[in-house]
Amino acid sequence: MPPVEVQIGVRPENRPTVPPVRSRASWHVRANAVVLAWLALTIAAALAQGELPAPRWLVVHVFLLGAISTAILIWSEHFATVLLRARTPDPRGSVARLGALNAGTVAVLYGVAVGPWPVAAAGAALAVGAVTWHAAVLVGIVRRALPGRFGHVVGWYVAAAGALVAGGVLGGLLAAQPGGGALHERAQAAHAQLNLLGWVGLTVLGTLFTLWPTVLRTRISELTRRWSRAALWLSVAGLAVTVAGLLPGLRWVAVAGLVTYAVAVAVALAPPVETLRRRRPHTAASWTLAAGVVWFEVALVAEVVVVATRPVVRVAAGLEPLLPLILAGFAGQVLIGSLTHLLPAVLGGGPPRFKRNAALIERGWAYRLAATNLGVPLLALPVPVPLRLLGWALVLAPAAAFVALAVTALTRTVSAGTGPAGTGAAGTGAAGTGSAGTAAVGTGPAASGAGVGPPGGGRRSRVSPAHVGVVIGCLLTALAVVGAMSGGSGPARTRVAPGAEQTVEVTLRGMRVQPGVIEAEPGTVLTLKVVNADAQRHDLRLSTGERTPELAPGESAVLKLAPLAGAVDGWCTLAGHRAAGMTMRIVPTTAAAARPVQSSPPGGDHGHTQGARLDPAAPMPSGWKPFEAAVEPAPSGAEHHVEIRVKETDLDVAPGVRQRMWTFNGTLPGPVLRGRVGDLFVVTFVNDGAMGHGIDFHAGALAPDEPMRTIDPGERLTYRFRAAHAGAWLYHCSTMPMSQHIANGMYGAVIIDPPGLPPVDREYVLVQGELYLGTPDARAVAVNEGRPDGWMFNGAVAGYKHAPLTAKAGERARIWVVTAGPGTGTAFHVVGAPFDTVYKEGAYLLREGDPGGAQVLDLAPAQGGFAELVFPETGHYPFVDHHMRRAETGASGIFEVSAP
């Protein structure tokens, strides 16, 4: 028996406006065609990774800002209107908002990928304005509507819009200031959380309260209203606390915010889970939505772990491996699952066409669902390249299939003409329930005449600003692909006619920019396709202001220059890379031979003199503590597990000088490792720094390809080596240029006892290194030219003069010495106490009982050994590098010997 509609006490001004049925389907054909176009562009951008400028960023934003945001704008307005049985908003406003969002998206994509940055900032402002207008419309719908059961859902949409506004403002600021730095990294992390957890997450959670039971064709849980409001307040508070923790770098505040948000998600999912007791997933839409929600929960737990276990400055990098979970696993599947259910219902045409469209869109859904959820972990986990390519195929092929099927359904609808939309949805809801949940998407009997269709006029499909924006976006993306792929590896000297355009491929490899010199006629418009063909990250900055982002191995970017009017210098901005030779120059042909390419920054850096700013005799600051030079005997056991973390640490390296150093475990030198011949060392190496680093243990014998590779921030590796030979060994950062990384503090010592090593009263370890002062660029130049400002034992200039090492008269002391360099060794000497035992590079040169003695343990850079002596009486025994200029600029200390 068909359900009977009864309307009681509805005043004419509050009666839902039912637009002409034909325009509803027409509107959805046009609006959802925009979503499908962005999905297609996302697939194209993903397939073109490595050829597009800023590929990872581009794929993320084409999908989230293009496809997802457009869908949110369309459907949240539609759901709000239907749930509240409110008057349909002005269709012209809906079209304008959609057009503004899409135009802003195109501007953001173009401005960041190609430039200039004001285009991206203006695009972000336009998108923010469109979403703000959208939120205002939603608030107006709530105020005009009669009280109802589902007003709480609109609150989720308004909160989501607020998150997008905040995230968009941050995004615009990031586009305007594209440099690096700690604040930039923290702002990027906050931007990501606002957009992913706020704009996307809040919208999805709010929609599930009504969409989920509708998809399952069952009644909405009675718990929904109360739990929805509680979850909304919790989620908004959690997101606000997360951002408030990320921006100033308060890690545990951010963790508390994420945990609160996770609790809110659990509360919000309670009604959908309760619904599962009545009906299990049984359709393409229900299984796809369920899979998306599960990936959202997995990604959220992983985010809590990432933020809790690494510095906030590296949170953005740490979240990158989670992008496949969030994009393909969560957002992609929620979008596809929702459209799978909604499109057949809103395209109209009566039950026959509804069934045909539904069968078409669901074709092969089980295989597509399985492939997608097999591919997501292959993209998220550190698997070999072939498996990662398989992951891309498993994710992109089902997405492409869905786009093709949905486009076919839309095309059939346009070709056949649109029939009565209300009848097209009949029978797809829970028969006879008449629930508002079924009405929410226009799929149940109660939907008929309830304003199911979105806004639209009486006319048929027409071109709107949204369509124009998408067409422009498609053309620009296609042009970017063509432009990126057209650059060949041109010769070092390129000559073209004035005013002509020329594309030149610039390769970053082996601490060099190739070609190093590009010659062109004045007025030439050059486009540089910059490709990172190295094993570590690089970028390229030009003196005219253009710059690429940091490029991971295999990534590329495009720089388009203004007409050439004068010489343009270029260099890699990563610390030490410019000084190591990563420079280039673009010169007009008339000035090609004017001067060579600079390998160091211009200005006053060359006037930097050794020791000019050091006073070793001045006091060290209050609270300073020296590195613990006393070393314990080798620990028992044949296997030693150690964790070494890269940390950028501010250290007192000389009297009155505090400087940011790159360290292992926050100390200079790094931790001392000790063992015996045959022992196995298992080192967990974690990069908590701001750039790529590696590690190299000289005490091990193994191929360096894997254990010594450079790992990006947030990554880790396990380095195993067996100590086959005795000696005092150096370990250091293995990332090029090694001189820069060592000079910035990335070194330490490994002691492997010679068999039969006798015990002594005291043992010390001294690692000698060079000190470079000033700005990072100034230090890089000085390292490259071999001009240290001073020398140090264990990380401080004359540190053991201010905090002498202690011993007692008559005691035998063993002093292990390792030279880190990077460019100089040592002539280690103790004043007043000759050595009676000397061990250097794995062999004894002198033993106790021999008639001779030694005055110096001489070591070249990266060598090690030890010397033994007996302090004859009480007093102060200076120890120095007997290369006296080094001793006078810091390579000195004191043994303070007291009575026994």
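In this predicted model, strand 13 runs antiparallel to strand 15 (residues 727-732), the two being joined over 2 bridges. One of the residues involved is Phe-697, whose bridge partner in strand 15 is Tyr-731. This pairing belongs to an open sheet of 4 strands with mixed pairing, arranged in the order 11-16-15-13. Its edges are formed by strand 11 (673-676) and strand 13 (696-697), each of which pairs on one side only. In general, the strands of a sheet pair through backbone hydrogen bonds, in either the parallel or the antiparallel sense.

In soluble globular proteins, nonpolar side chains tend to be buried together. The largest nonpolar core here holds 125 residues, and the members that touch the most others are Phe-63, Leu-64, Trp-199, Tyr-261, Phe-330 and Leu-335. Helix 6 (residues 182-216) supplies the largest share of this core, with 17 residues. Leaving aside residues up to four places away in sequence, Phe-330 touches Val-200, Gly-201 and Val-204, together with Gly-292, Trp-295, Phe-296 and Leu-325.

An α-helix has 3.6 residues a turn, so residues three or four places apart point the same way. The buried residues of helix 14 are Arg-368, Leu-369, Ala-371, Thr-372, Gly-375, Val-376, Leu-378, Leu-379 and Ala-380.

How values were computed
Residues numbered from 1 in each chain as written. Predicted model: local features only at pLDDT ≥ 70, side-chain atom pairs only at ≥ 80, totals over all residues. Heavy atoms only, no water. Core = buried A, V, L, I, M, F, W, Y, C linked by side-chain atoms within 4.5 Å. Buried < 20%, exposed > 50% of the residue type's maximum accessible area, 1.4 Å probe, protein only. Contact = heavy atoms within 4.5 Å. Pairing = 2+ DSSP bridges.
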